[in-house]
Amino acid sequence: MGELLHGLAPLTAAAPRTLILGNMPSVMSLASGQYYGNPRNAFWPITAEILGFDAAAPYDERVAELTGHGIAVWDVLRCCRRTGSLDSAVERDSMVANDFGAFLRDRPRIGLLLFNGAAAEANYHRLVRDAASIPGIRLPSTSPAHTMRFADKLAHWRTALSA
C-alpha cells in the first residue's frame with residue numbers, strides 16, 4: 001500500500017477566471033511545498049512563455065505572476081495513497097477529492113477549467129459531485145512522464161490560456 005499523501009493548498013488571488021487542475025502533486029512538489037516542483041516538469045516554462053514572466057524566478061514571484069493573470073491552480077485530489085509520482089500509481093479506492101463546491105462558490109468568476117492531463121480530467125468527473133457546470137479543456141500533461149515535444153505542449157496550452 002502506498003503512503004497516504006495530502007495535497008497542497010490552492011494558488012489563488014482575488015477573482016480568478018481560470019482554474020488549472022492537476023491530479024496530485026509529485027513527490028518533489030509535496031517535499032518542497034510548491035506546485036510543479038520537479039524541474040523537468042514543463043508547467044512553469046509553458047506558463048512563463050505564454051504569460052511573459054521568468055520561469056526561473058523565485059517560486060513566490062511565479063505564483064504572483066500566474067494569479068495576477070486571473071489563474072488559480074489546484075489539484076483534483078485532496079489526498080490519496082500512491083507510491084512514487086505517477087498518476088497511474090494512485091490507488092483508485094484511496095482518492096478523496098478537494099471541496100470544489102465551496103471553492104467555486106467562493107470564486108464565481110471562474111469560467112474555465114484547464115485539466116493538466118487525462119488523470120486530472122477523469123478523476124474530476126468521477127469524484128467531484130458538487131461542482132458547478134463550468135466548461136473544461138483537457139490539455140497535455142506538463143509532466144516529464146508525458147512524452148510529447150515541448151513545442152507541441154506549448155501550442156495546446158497557448159490556445160487554451162488565450163481563450
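Strands β1 (residues 3–6) and β4 (residues 77–82) run antiparallel and are joined by four bridges. Strands are DSSP runs of E of at least two residues, helices are runs of H or I of at least four, and both are numbered from the N terminus. Two strands count as paired if DSSP finds at least two bridges between them. Within the β1–β4 pair, L5 has C80 of β4 as its bridge partner. Strand β4 also runs antiparallel to β5 (residues 96–97), with two bridges. There, L77 is bridged to A97.

The model is predicted: local features need pLDDT of at least 70, side-chain atom pairs count only at pLDDT 80 or more, and totals for chains, interfaces and linings use all residues. Residues are numbered from 1 along each chain as its sequence is written, and side-chain values use heavy atoms, without hydrogens or water.

T18 lies in strand β2 (residues 18–22). Its relative accessibility is 14%, so T18 counts as buried (under 20% relative accessible area; exposed is over 50%, partly exposed in between; 1.4 Å probe, protein chains only). Leaving out residues up to four places away in sequence, T18 touches G70, I71, A72, L112 and L114 (contact: heavy atoms within 4.5 Å).

Helix α6 (residues 150–161) has twelve residues, and its end C-alpha atoms are 16 Å apart.

Conventions: Expected span 1.5 Å × (residues − 1).
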